[in-house]
Amino acid sequence: MGKIDAIVYMSNAGHTKRYAELLAKETGLAVYELKKASKEVAKGSCVIYMGWLLGGSIKGYKEAKAKYDIKAVCAVGMAPNGSQINDVYKMNSIAEGTQVFTLQGGFDNESLHGIYKLMMGFAGKAAKKNLATKKHLSEEDRQMLEMFANGKDSVSVENLAPVLAWYKTYTEA
């Protein structure tokens, strides 16, 4: 039987934190913010790591990987659930055998902090300008425009269904 000791996460705007808390509630696992986890979670412990995506990079992943035995990674970003998984594996040099999930968190520029707020402001303007020039917008394009224009929060326990199914299978194996 596989054992997971905790959920460790890094969040900026709060979407990843909320997913981590929902996952903890559904699994009964303890949940720790990465900066505080080293005081509570022993080095080498088996964890689920949850981090937010910035340009395909999972924030905090390298630090977490150096401390813990990561069995699954949940990358939280703006794109729809299940998208970009191959890119996330490659860009973050995730070991083969580590399960990867991508979860749509949302966008709220007011919740961002520091340089990320400025960067996403510029990215939003560029994306809106780029998408406005397209003759035909895909559903994903429309959702992205809507997200940048009005913000969006997609955090839900339903989006965690694949993670929960994996967890159940992993811990019962």
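Reader: What share of the contacts in the chain with a separation of 6 or more comes from residues 24 or more positions apart?

Author: They account for 71% of those contacts. Contact here means heavy atoms within 4.5 Å. Keep in mind that this is a predicted model, where local features need pLDDT of at least 70, side-chain atom pairs count only at pLDDT 80 or more, and totals for chains, interfaces and linings use all residues. Residues are numbered from 1 along each chain as its sequence is written, and side-chain values use heavy atoms, with hydrogens and water left out.

Reader: How many helices and strands does the chain have?

Author: Seven helices and eight strands. Both are DSSP runs, numbered from the N terminus: helices are H or I with at least four residues, strands are E with at least two.

Reader: And how much of the chain is buried?

Author: Of its 173 residues, 42% count as buried. Buried means under 20% relative accessible area, exposed means over 50%, and partly exposed lies in between (1.4 Å probe, protein chains only).

Reader: Why is strand β6 largely enclosed?

Author: Five of the six residues of β6 (residues 99-104) are buried, so the rest of the structure largely encloses that strand.

Reader: Which strand pairs with β6, and in what sense?

Author: Strand β5 (residues 69-77) does, in the parallel sense, over six bridges. Two strands pair if DSSP finds at least two bridges between them. Valine 76 has leucine 103 of β6 as its bridge partner.

Reader: What do β5, helix α4 and β6 make?

Author: A right-handed β-α-β unit, with α4 spanning residues 85-91. Right-handed means that, with the strands pointing away from the viewer, the path from the first strand over the helix to the second runs clockwise.

Reader: What about the loops on either side of that helix?

Author: Most residues other than glycine have a negative phi. Glutamine 84 is not a glycine, yet its phi is positive, about 65 degrees. Glutamine 84 sits in the loop between β5 and α4. Serine 93, in the loop between α4 and β6, also is not a glycine and has a positive phi of about 50 degrees.

Reader: Is serine 93 buried or exposed?

Author: Exposed, at 52% relative accessibility. Glutamine 84 is partly exposed, with a relative accessible area of 42%.

Reader: Switching to helix α1. How far does it reach?

Author: Helix α1 (residues 15-27) has 13 residues and reaches 18 Å from first C-alpha to last, close to the 18 Å expected at 1.5 Å a residue. The expected span is 1.5 Å times one less than the number of residues. Its buried residues include Tyr19, Ala20 and Leu23. Glycine 28 follows α1, with a positive phi near 80 degrees.

Reader: What does asparagine 159 touch?

Author: Tyr19, Asn81, Leu103, Gln104 and Ser154, not counting residues up to four places away in sequence. Asparagine 159 lies in the loop between β8 (152-153) and α7 (161-172). Asparagine 159 is buried, at 18% relative accessible area.

Reader: How many disulfides?

Author: Zero, by the rule used here: a pair of cysteine sulfur atoms within 2.5 Å. Cysteine 74 counts as buried at 0% relative accessibility, and cysteine 46 counts as buried at 17%.
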